[in-house]
Amino acid sequence: MSTEATAAVAAPPQGEVVASIAYVNGRRDHEVPIEEVGKHVDPKHGMVWIGLRNPSPERLADVVNQLGACDKNQEEMLESHRRPKIIDYGNMVLIVVITVEVEAERPIFGETQFLIGEGFLVTVRRGATAGHSPLRERLESSPDLLKRGSDYVASELLDWLVDRYVVAAGKIESVVEGAEQKLLIRGAKDADIRRLYRQRRDLLRIHTVVSPLAEICRRLARVEMSAVDEHARPYFGEVADRVLRVDELFNALRESLAFAFEASLMIGQAAQNDTTRKLASWAAILAVPTAIAGIYGMNFKFMPELESPFGYPVTLGVIASVCSFLYWRFRKSGWL
């Protein structure tokens, strides 16, 4: 490798390497130079935790190559993913998780990768807005937790990502409640229908990236893997249960939008039926004077009522009586 290429690898871009720390007996021991990661991995005495954010392909390939990752592993980590997945490479396990954050009432999807090996853990974030620093600080304050190894830390990271799902669900829930109120109060308009379709589409996309994570965690809890200790498996089982509950919450929000839309349609149909009944009632009432006026407007010469001095007031009285009776009947039946 040339001097220029070595310098390019040795000097990572600003913000590319979030953390590269060696832990001994669960306590922070020293910072690890990113170009010497492989030399500091010591499974017997501690763990190296490396955090990368939007790394360049060269930087990521260099780090995982130092840790002994095979070519297929490196290629998989360099690719972008749309669904969660897990791959067991024997000496290490790769977990891909899709993150969900909500901004401006729309979900933002990112990707986080966990490479679990004996004595090391590599986290790679692409597009994920929330960092792992709060979790790292919490674990560092409890050395007994970090002593359990990289597989336990990975379970804590997955659990922390589920917490982010819960936060996203809370924000979307407020959006759904607002949409329900608009639909039930003023009915479904064209703009509301478009917004409703977009929100249901967003919730469906969230479901497709969240639901596979439950199966991944169940596999980590049940299937024997060399990179996952048997004592760490129950923690992944707990995470799987949480993922299922969160996924059910997203599905419930999607169904709530569907129910709200159906309710708004029913309200609109009821209002339309009410209007139709009123129009039919007034049409029946107005048909009486229209019919009588039409009969006497035919200008026949021999019509007995035309010669009667009481013909005009009697006709008006009949019209008023019939119209009043019809109005009373329609009013009583609730049509008016």
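How far apart do the end C-alpha atoms of residues 310–330 lie, and what share of the span is helix? I looked this up in the model, which is a predicted one, and I found that these end atoms lie 30 Å apart, with the span 95% helix and 0% strand. For residues 279–298 I noted 90% helix and 0% strand, with the end C-alpha atoms 28 Å apart.

Entry on confidence. I read a mean pLDDT of 84 for the protein chain, where 90% of the residues reach 70 or more. Among the elements, strand 4 (residues 85–88) has the highest mean pLDDT, 94, whereas helix 1 (residues 3–10) has the lowest, 39. I also marked residues 1–14, where the pLDDT is below 50 and where the model shows 10 contacts beyond near neighbours in sequence.

Entry on domains. The domain assignment that I consulted gives domain 1 as 17–266 and domain 2 as 268–333, and the C-alpha centres of the two lie 73 Å apart.

Entry on the nonpolar cores. I found 58 residues in the largest core, and the members that touch the most others are Trp49, Ile95, Leu158, Leu220 and Phe250. Helix 7 (residues 150–186) gives the most to this core, namely 15 residues. I then followed Leu158 and, leaving aside neighbours within four places in sequence, listed its contacts, among them Ile95, Val97, Phe114, Cys217 and Leu220.

Entry on cysteines. My search of the whole structure turned up zero disulfides. Is Cys217 buried or exposed? I wrote down that Cys217 counts as buried, because its relative accessibility is 0%. Cys70, with a relative accessible area of 36%, is partly exposed.

Entry on backbone angles. I kept in mind that most residues other than glycine have a negative phi. Ala104, although not a glycine, has a positive phi of about 55 degrees, and Glu105, also not a glycine, has a positive phi of about 65 degrees. I located Ala104 in the loop between strand 5 (92–103) and strand 6 (106–117), and Glu105 lies in the loop between strand 5 and strand 6 as well. Ala104 is exposed, since its relative accessible area of 74% is over 50%, and for Glu105 I noted a relative accessible area of 52%, so Glu105 is exposed too.

Key. Residues numbered from 1 in each chain as written. Predicted model: local features only at pLDDT ≥ 70, side-chain atom pairs only at ≥ 80, totals over all residues. Heavy atoms only, no water. pLDDT = per-residue confidence, 0-100. Helix = DSSP H or I, 4+ residues; strand = E, 2+ residues; numbered from the N terminus. Contact = heavy atoms within 4.5 Å. Core = buried A, V, L, I, M, F, W, Y, C linked by side-chain atoms within 4.5 Å. Buried < 20%, exposed > 50% of the residue type's maximum accessible area, 1.4 Å probe, protein only. Disulfide = S-S within 2.5 Å. Domains from an automatic or database assignment.
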